[in-house]
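Dear colleague,

My notes on it follow directly after the sequence and coordinates.

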Amino acid sequence: MDKGSGSGHTVDAHAPLRAVVRNDDTGRSYTTLRPDLIVSSEAGRTVPIDVKYKLYERRRIPTADIYQAFTYAYALGEHDDEPRAGVIYPAHQPTSRPTL
């Protein structure tokens, strides 16, 4: 766990989420989700971050990567009014993508 100096945020790497996808028959966890980073604020907001090594600056983010981010947002933000997730990816120059 790393807390930024005075930022009010904590960053955790690879925190497993076990009870998100469950087997209906057994009630047990079916799989573990593991976001690359989880940023938490002192106010209680939790935002999972997925780190990609693909160049997205000139193409759309693939649907599977969007589904992954939305799953993380739902898993960690079920008590938030607006669950959020983020994607970090390399780029040759500063770039901004649409907010989905």
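Please note that the model is a predicted one. E57 is located in the loop that runs between β6 and α1, the latter spanning residues 63-76. In sequence, E57 and S96 are 39 residues apart, while their C-alpha atoms are separated by 8.2 Å.

A second residue of interest is T46, which lies in strand β6, residues 46-51. The relative accessibility of T46 is 16%, so this residue also counts as buried. Beyond its neighbours within four places in sequence, T46 has contacts with I38, V39 and S40, and likewise with L76, D80 and R84.

As to the chain as a whole, seven strands and one helix are present. Their order along the sequence is β-β-β-β-β-β-α-β.

Considering the contacts between residues at least 6 apart in sequence, 52% join residues that are at least 24 apart. The accessible surface of the chain amounts to about 7,400 Å², and carbon and sulfur atoms account for 50% of that surface.

With kind regards

Terms used: Residues numbered from 1 in each chain as written. Predicted model: local features only at pLDDT ≥ 70, side-chain atom pairs only at ≥ 80, totals over all residues. Heavy atoms only, no water. Helix = DSSP H or I, 4+ residues; strand = E, 2+ residues; numbered from the N terminus. Contact = heavy atoms within 4.5 Å. Areas by Shrake-Rupley, 256 points an atom, 1.4 Å probe, with all protein chains shown as cover. Buried < 20%, exposed > 50% of the residue type's maximum accessible area, 1.4 Å probe, protein only.
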